[in-house]
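Please read them with the structure open.

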Amino acid sequence: MNDADARSDRELVRLAQGGSRDALGALLRRWNDPMVRLAHRLTGSPHDAEDVRQRALLKCHAALPRFKADAEFSTWLFRIVVNAARDVDRSRRVGARNAASLDPSVAHSRPAPPDAADELPESAAAVRDAVMALPEHLRSAIVLRHYLSLPFPAVAAVLEKPETTVKSHVLQALREVRRSLVPQHTDPTVRINEP
Amino acid sequence: MNCQEFQDALPDLLYAEAAAETADAALRHRETCDACRAEFESLGATVEALNRWPEAKSSGDDTTWHQWPDLRVRSGARLRRLWAPIVTGAIAAALFFAVLVAARAQVRVEDGRWSLAFADRPAPGPIADERDEFMLLLYQRPAVRDEPSTDTAAIVSEYRAWAAGLRDQGRLRAGEKLDADDGWAIGAIEEERAAGTESFRPGPLVLAGFFIVKADSYDGAADIARTCPHLKYGGRIDVRRIAKLPRNP
């Protein structure tokens, strides 16, 4: 651990804004793992997560001089990652739509799984697919609360939404995931509790 | 704590963020309410199930930022900072004069003093760029209305989440659930009812609630209505555009 690693986020931001590459490096090293985790949960694929991380790093580097020290750096960074994931998702949809317009057979085929390289046991893949099937606003809320373990006020700060809205979205997301995991007309508690 | 309060507290309860008092009250409620207990246990199991999706491996320490350009303000940017107040002032002055011209202002100079006089303002026209407002009238069968569902709180939460989604998109102006009584009918029907000659009788459906939403057309409003959970529960939604009446002078 060097000097920069021992400093607070706020101090590192100030130094990075003053031109210290060491400070910028320490800051991004510190938050690299949460960024990757967030990107992975939002995209469902390690490959797309890396794309999101690269976009977020570039955006962070470009916008850091304008970052105001009265906000939490992590909140700001997570917001950038959420927006980058949204951009990647959108460009993937546009790509799929364009492919479908060129090749009608694509339009009727099932979408590819999030990442063929991301081989998971069946039960894990089912959870991943259920999360990925959520609308973007529900997915962001449940991912930040559940997988990043951010408390509700912090999730609300990242998403710039009222806390009550975020709680409502998390609840809605859980119900949607439950619906995806549990076949109709069965006892939800029995099926979900299976190992 | 009642069922609605329990449902409102569910996210905090599931993620152990509830205050001790709320958690105690919720525990007591769960002991007496089978529906809320089942919902809590089922969603708790869903929270557990989410952990089956394992953590992704980190892509490692990316050191490419050492090759990135310096973040310090460069000389060109410093120059821009110096010019910024001048340019901003010039733009503000141009806007000021544009406003004066638009308001048909005239500069008068009398006795060495100058003043501004404004021509009579034209009558205000209709406001442009406003989406139409539509009323979604939610009807349901009286049987559905009168039979208390075991999952009422969950259903109400679903409607609320749907409305919150619309509000976030700036598409919701208002929405209310109506009381489950027959309401009042005002007008000639009162006399008819008193005389036993009532000609208008309530239909097979009762009005259960309403939302006022913003949309560009009937198609847009209908698209919103089709996402409402009300349809899932067998209800009917009538969509009516709210008339734009002339404003008071």
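**Notes on chains A and B**

1. Among contacts in chain A between residues at least 6 apart in sequence, 59% join residues at least 24 apart; contact means heavy atoms within 4.5 Å. For chain B, residues 24 or more positions apart account for 73% of the contacts with a separation of 6 or more.

2. This is a predicted model, in which local features need pLDDT of at least 70 and side-chain atom pairs count only at pLDDT 80 or more, while totals for chains, interfaces and linings use all residues. Residues are numbered from 1 along each chain as its sequence is written, chains are lettered from A and ligands numbered from 1 in the order in which they are written, and side-chain values use heavy atoms, with hydrogens and water left out.

3. Chain A has eleven helices and zero strands, whereas chain B has nine helices and six strands. Helices (H or I, at least four residues) and strands (E, at least two) are DSSP runs, numbered from the N terminus.

4. Of the 195 residues in chain A, 47% are buried; in chain B, 29% of the 249 residues are buried. Buried means under 20% relative accessible area, exposed over 50%, and partly exposed in between (1.4 Å probe, protein chains only).

5. Chain A exposes about 9,900 Å², with 52% supplied by carbon and sulfur atoms. The accessible surface of chain B is about 17,400 Å², and carbon and sulfur atoms hold 55% of it. Accessible areas come from the Shrake-Rupley method with a 1.4 Å probe; for residues, only the protein chains shown count as cover.

6. In chain B, four strands form an open antiparallel sheet in the order β4-β5-β3-β6. Its edge strands are β4 (172–177) and β6 (236–241), each pairing on one side only. Two strands pair if DSSP finds at least two bridges between them.

7. Strands β3 (residues 132–140) and β5 (residues 206–215) of chain B pair in the antiparallel sense over nine bridges. Within this chain, B:E133 has B:K214 in β5(B) as its bridge partner.

8. Which residues form a nonpolar patch on the surface? They are B:V87, B:I91 and B:L95, with about 280 Å² of accessible area together. B:V87 lies in helix α4 (residues 75–102) of chain B and is partly exposed, at 43% relative accessible area.

Technical notes. Patches are made of residues with over 30% relative accessible area and no salt bridge: like charges are joined within 9 Å, nonpolar side chains (Val, Leu, Ile, Met, Phe, Trp, Tyr) within 5 Å. A salt bridge is a side-chain nitrogen of Lys or Arg within 4 Å of a carboxyl oxygen of Asp or Glu.
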